Structures are given as C-alpha cells and as structure tokens.
Amino acid sequence: MNQDLKYTRNIGIMAHIDAGKTTTTERILFYTGLTHRMGEVHDGAATMDWMVQEKERGITITSAATTSFWEYQDQEYKINIIDTPGHVDFTVEVERSLRVLDGTVAVFCAVGGVEPQSETVWRQADKYRVPRLAFVNKMDRVGADFFRVVSEIEEKLGSHPVPMQIPIGSEDNFRGIIDLIERKAIIWVEDEHMGMKYEYTEIPEDLIEETEKWRENLVEAVCEQDDDLLERYFEDRDSITVEEFMEVTRKAVIDLKIVPVLAGAAFKNKGIQRLLDAVVALLPNPLDVGSVTGENPYIKKEEDRYPDPDEPFAALAFKIATDPFVGRLTYLRVYSGTIKAGDQVLNSRTTKKERINRLYQMHANKQNPKEFILAGDICGAVGLKDIRTGDTLCDPKKPIALETMDFPDPVISIAIEPKTQEDIDKMGMALGKLTEEDPTFTVKVNEETGQTVINGMGELHLEILVDRLKREFKVECNQGIPQVNYKEAITISKEYREIFKKQTGGRGKFADIVFKMEPADKGESGLQFIDKVKGGNVPREYIPSVEKGFKEAMKTGPLAGYPLEGLKVTLLDGSYHAVDSDQLAFEMAAKLGFRHATKEAGPVLMEPIMAAEVVTPEEYMGDIISDFNRRRGKVEGMESRAGARVIKAKVPLAEKFGYVTVLRSLSSGRATSTMEFSHYEEVPGNIAKDLLEKMQGKTLFA
C-alpha cells in the first residue's frame, strides 16, 4: 500500500501571465490520455480554464486540480497537477497551491524571460521550500533566446539553473532539443501527429562543441553536490552510470541546490513528453518530502505526521469552491492516514466534528467518485459545512493543527448595492460563498451609510467577483467607483493617562491606566503590546482587557476611521477600585485612551504603493515615464529585454485606476503592464489634506 507513494507526484505549474502555463497543462493532459482534443486558451476551450470568465479573458483565475498518469521506464506514475493563475490579483491561488505541493514546474516565456510575476511566484516557492524544474516555453516565437532566460534565472532569481537539454534552432527553425546526458538529438517529426512523434538522431555537426560545453557544465554542477561522485568524476568520469547521475541530480533538486532547465514549445506540442519524464525522474514524491509538523490543539505540543496510510489521518483544506453540481467542494491534501467517504473528521480550528459525505478525484471541474483516499494524495471532499482555507482536518482521536496560511490584506474596495428586494437576500448568501472561497476577498457593511463594501487585491479581482455575482448567483447589483483602502499611523510618541469613571447608581465602573503610545517598530504590523506595570497597580487579570481594548480601537483611526497599520503600546502604570473595577472598565479605558492619545500623536494617512513594471517599445518610453511622474510615481530602473524596454516604478494605487486604458493609448496598444502591492507609505501633506476634506461627510470606505 505504501509502495504506491513512490510513484505519486503532486506538482503545480506556475508562471507569469501569458508564459503558457495553461497551454503546457493542456498538452500534459493530452499526452497522458486524459483529453482527446487539445483545448486552446485563445479559443476559450482550455480544459483547466473552466470558468466563464476564464474562457472570455483567456486567463487563469482559479487553480484547477487534475490527476493524470504517465509511463516512464516501464513504470506507471500518478501525477496530481494544479494549474495556477499568473495574474498578480490572484496571487493567493498560487500561495495556497504551493503550500500543499511537493514540486513545481516554473514556465518561462523564451522571449519575455523572467517577468515580474515569475519573480513573485518564485519567492512564494522559496517560502514553502518547493523543489522546481524550469521549462523555457515558446521557443518557436520571434525573439526566443533559451540561454538568455537561463542567465536571467540565475541573476534575477538568485538560483542555480542547470540546462539538461539545449535547443536545436529557435523561432521558426526550432525543430528539436539535444539531451545532454544521453548525447543525442531529439527531432520532432512534422506530420499530422501534432509533435507526438520524435526520433533520436546524431547531434548536428555545428552543435557538437556547444553540446560538450553545456554537458560539462551539467556534469560539474551535479557532481559538486556529492563528494563521492566528485572524486570519481576526477578519477574516471566514464565509471559514472546514468542511473547514479540521475539519482544525485534528483537529490540536488529536492535539496533546492539546482534547478534543471528544459526547452520546448507547448503550443506546437514540442518538449512536453520530455518534461513529463523529468517530472517523474527528478521531482520528489510524498515520501521524499517526509513528515509534516503540527501542534496538538489541546496540549499545545508539536507532533509529526508521516505520509503513511496507517498513520492517524491529517489533511489540509487548501481551497474551497462552489460547484454547480455537488455544492461546496473542499480541496484536500492528505498528508497522513486514510480517509473514506462517510468518515467523521475533526476540524482543529473549530474543534467540531464533521462528516465527509463523498470523496472525488479531480479533473478540472469534473469529479470521479472515490471510496477512499490515501496519504500523499490530493482530492475533493463534499459535506463539510464550517470550513475555511487553511483548516486542518484530522482524526478526532489524534487531533493536530498543521501550519496554516497567511494571506495579504486587500488594498482596494468598491461599494455595491442590490437592485431589488429579492437581490438583497441572494447577495448576502452569494457574498458568503465567495468569501469562503477566497481569503483575500472581504466584505464589510459601513455602519454609517449601511452600504456593503467589498475589498480585494486589484481592479480585475473585484471585476471578476462582481461578474460572478451576476452570472453564477444571479444577483443584480449597482457598484460604486473603486476606492483605495487607506490606513492610518502615528508619527510621534505620546505618554498619556486615561481615567474611566462611570456612576450609574449601585455599582459603578472605574479604570485608570498610564501608557506610552509610539509608532510600530520597523517591519512590524498590528499591535505590539508591552506590560511594564510594577507592584500590582493594575491587577494581572485586567491586563489582557487593556490589550484587547487597544486592538479593537486600532480598527478605527483618528483621522478618517481607517484602521492603523501598526502601533506600539507600553502599559506603564495605573490604579483600580476594589469594587468598581472590572475587565470591561479597563477595556473601555484603553479604547478612550487610544482615541484621545492618537489625536496628539501626529496621526497621518497611509496609502498602498504598488510595484509596477511596463514593457514597451523604445519610442514610447518618454511618454510613459512622464506619465509616471504625473502620477506621483518613482521610476526605479530601466533595462532592455528582447528588443523592448522595461520600466520599473513604484506608484500609489490611488493614481493607477484605469491605467491599462491610458497605457494603451500612450503606446498604440503595444505596451503591457503588471502591478503588485509593495508597501504602505505616508500620503504627502497637501494630498492628505484634500483627501480628508473630501472624506468629511462622505461614505467612508474602510
């Protein structure tokens, strides 16, 4: 039973938008026999892009999961694949997929090279220590340059890329690859078999020297990872067998020492079979990844779970989707034990038991029912009622909470209101389902105006969510213009005493606190609370209430009601009354103290700053840079990439609304831009003054 795990791979496909991730996944599904017709992204027919919005826009929005099989060296391997989005607004989809994957294929465009979102997903893979292969796609495109992409992976991503094959020709002449280990050329046969057929031939004369140079590079890079192999390499390199070499290569990939690089053109079906061979030969199986560590939620002690079907059951819910046929579907990565349909499991966050009604092996948005799922596998489960992304499901007798996931705060919001009475009820339910699915999407009701405000990661993110409200949930609603999610901060330290007294006949309320309030330490967010009370002037049991009061108060800043990004509070002294003091009184004292002290602590408005990158032909550079300056942007660098210029800048989000349309007219539609959240920064004085004046008496978007 345990043996099977050796032949299982849980992998993801990740890349910058338009590098060809979904096309690569479509080809993998075709070659592994799961689809008989290849869907094309630009036709809106890709299997993995199953949402209406994905088909229309030709982009991936949700990470889709599927299971396929591949034969390598007479052994069948099971490959669970997750195709992740490339657009920065959906970065949470990549984050949660990488959390549960054992390995990933990073796809790079042979023309664009390492693009902004490639860097983001690479950093996310580093964070979760996910081994990876690099696939240089679109080798048939004008401007394709395999070796430039290899050097960019080294320079920009700080990794150690090692080509395992080199291309034969490029652009229209791309017709094959050279396998550096076997010293053989692989040429695709151009016929009706769509690139499925290839033949081994001798290496072309003009490439022998280049092949030897890169082969030497590969052998040295791998041998350096193993002292025994390195010694034999210097003594008698011919004594090293291909099996030994591949074993050490695999170990180096799993230890994140090297990144093997392969080449191909997914759209023309070239290079996919060799990529699948590399996935099963070099990426880890669940046994290689080993145990996961979690905490017993009751005794707060660390425990390990091993990828073994006989261990206690533990799984992580990494995605929740609303399926039109089966209802709420929870994607699970099973780390240990076995789960059967009908089993009762414990959710360690809620400490409640839930029953799993049905289990499915996933194929994009189609499901194959399964009786049971073993450790190391990925599946879909139906029947869970109170579940969130990042929850741990486990054996009720052996509880464990696995490390959960952190998600960024949304930076943009719009107000929406239902058009009819009927839509009001439907909207509440629909928004509830969407917030369950997407942890970066939040909903708040503005208490002053009663408006519903939805928050997300970018304009496209909110646009798609509103579109889904209309199409999937049949909710008609009006929407306001996008608003920036500002935050507030204080700039100077302030020591303050707050005495809260209330007499209402009978028992009153009394609390007295002395505290120092100052800006948060660099790099810290949220509340930093330090207790320095001596001699029991404030009894121990009231101190958590003081902290709670400040934490609650931080949600509403003194300037315009926006939350505070960070705050440091040191409780210095205070006093209490034996009869009138209680926890609520000290919580109220903290809230009032916050309100009074922040007004005198130099409060400022903070705005989200975005890291933008624009790729443009040379002739439009001047116009684009002067437009950045007009938008309060700071240009941080320029470089050349494949005949175009790349401008990097930091720009306030408030100045970037509708930028795509402006860029199109500035560059006659030839420039492209990407943007991701960078940090919060103080709004300059004169702009802050105007903003605050506009906000007076208007709807507050918090």
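## Crossing of helices H13 and H14

In this predicted model, helix H13 passes helix H14 in a right-handed crossing. The contact draws on Ser-545, Val-546, Lys-548, Gly-549, Phe-550, Glu-552 and Ala-553 from H13, and on Gln-583, Phe-586, Glu-587, Ala-590, Lys-591 and Phe-594 from H14. Sorted by class, the residues of this contact comprise 6 nonpolar, 3 polar and 4 charged.

H13 spans residues 543-553 and H14 spans residues 583-599, and the two helices pack at an angle of about 40 degrees with their axes 7 Å apart.

## Lys-487 in strand S30

Strand S30 covers residues 487-490 and includes Lys-487. With a relative accessible area of 10%, Lys-487 is buried, since the cut-off for that class is under 20%. The side chain of Lys-487 is joined to that of Glu-565 by a polar contact of 3.2 Å.

When neighbours within four places in sequence are left aside, Lys-487 is in contact with Asp-409, Tyr-562, Pro-563, Glu-565, Val-604, Leu-605, Met-606 and Tyr-680.

## Leu-283 between H9 and H10

Leu-283 sits in the loop between helix H9 (272-282) and helix H10 (286-289), and Leu-283 counts as buried, at 0% relative accessibility. Although Leu-283 and Ile-11 are 272 residues apart along the chain, their C-alpha atoms are separated by 8.3 Å.

Methods
Residues are numbered from 1 along each chain as its sequence is written. This is a predicted model: local features need pLDDT of at least 70, side-chain atom pairs count only at pLDDT 80 or more; totals for chains, interfaces and linings use all residues. Side-chain values use heavy atoms; hydrogens and water are left out. Helices (H or I, at least four residues) and strands (E, at least two) are DSSP runs, numbered from the N terminus. Buried means under 20% relative accessible area, exposed over 50%, partly exposed in between (1.4 Å probe, protein chains only). A polar contact is a pair of N or O atoms within 3.5 Å; within protein, one must be able to donate a hydrogen and the other to accept it, and residues adjacent in sequence count only if both atoms are side-chain atoms. Contact means heavy atoms within 4.5 Å. Axes are lines fitted to C-alpha atoms, for helices over the stretch in contact, and angles run from 0 to 180 degrees between N-to-C directions. A crossing is left-handed if the near helix is turned anticlockwise from the far one by less than a right angle, and right-handed if clockwise. Ala, Val, Leu, Ile, Met, Phe, Trp, Tyr, Cys and Pro count as nonpolar, Asp, Glu, Lys and Arg as charged, and the others, Gly among them, as polar.
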